[in-house]
Amino acid sequence: MLVHPIEVLLVEDDPGDVLMTKEAFEEHKLGNRLHVVSDGVEALRFLRREGEFADAPRPHLILLDLNLPRKDGREVLEEVKNDEDLAHIPVVVLTTSEAEEDVLRSYRLHANAYVPKPVDFDQFIKVVRQIDDFFVTVVRLPKG
């Protein structure tokens, strides 16, 4: 099976989590491209290819934190899933929140998965790799 690299947009404001996610992706030799923005406003500008993101690739997958500055992940998720041009992009909520209302609301807003971030470094890396493996080797993604 031929596996093409996928474009992944990570929406995360915690530099430590960004670093760990990059590390998890780099250790996988799949060549997936990880793009990072640090708040919800930037995420939507990236997805809509506005301003400095005019040449941004259309991501095949979004990893979205809920607790973001300027525009939180819940608002981003809602806007993405209500936008005809973006709604087909799978969104995995990757967050520290284990609150039942966040889980429920994320699925009501059509998140494709809700994954609590492990606090342990090794577990965090393992979870990110599992998400990557699943969406690269198991799931058929739209071409963008």
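**Ser 97**

I began at Ser 97, whose side chain makes a polar contact with the side chain of Asp 102 at 2.5 Å. By polar contact I mean a pair of N or O atoms within 3.5 Å; within protein, one must be able to donate a hydrogen and the other to accept it, and residues adjacent in sequence count only if both atoms are side-chain atoms. The model is predicted, so I note that local features need pLDDT of at least 70 and side-chain atom pairs pLDDT 80 or more, while totals for chains, interfaces and linings use all residues. Residues are numbered from 1 along each chain as its sequence is written, and side-chain values use heavy atoms, with hydrogens and water left out.

The side chain of Ser 97 also reaches the backbone nitrogen of Ala 99 at 3.3 Å. I placed Ser 97 in the loop between strand 4 and helix 4 (100-108); helices (H or I, at least four residues) and strands (E, at least two) are DSSP runs, numbered from the N terminus. Ser 97 counts as buried because its relative accessibility is 11%; buried is under 20% relative accessible area, exposed over 50%, partly exposed in between (1.4 Å probe, protein chains only).

**Asp 65**

I looked up Asp 65 in UniProt, where an unreviewed entry lists it for "modified residue: 4-aspartylphosphate". Positions there are given in the numbering used here, feature names are shortened, and annotations may be inferred rather than shown by experiment. Asp 65 sits in the loop between strand 3 and helix 3 and, at 4% relative accessibility, counts as buried. Leaving aside neighbours within four places in sequence, I found Asp 65 in contact (heavy atoms within 4.5 Å) with residues including Asp 13, Thr 95 and Lys 117.

I traced five strands in an open sheet, order 2-1-3-4-5, with parallel pairing. Two strands pair if DSSP finds at least two bridges between them. Strand 2 (33-37) and strand 5 (113-116) are at the edges, each with a single partner strand, so one side of each is left without a neighbour in the sheet. Strands 1 and 2 pair over five bridges, and Glu 7 stands opposite Arg 33 in strand 2.

**Core**

I then checked the largest nonpolar core, which has 24 residues; Val 11, Ile 62, Leu 64 and Val 80 touch the most other members. Such a core is a set of buried Ala, Val, Leu, Ile, Met, Phe, Trp, Tyr and Cys residues joined through side-chain atoms within 4.5 Å. Helix 2 gives the largest share, four residues.
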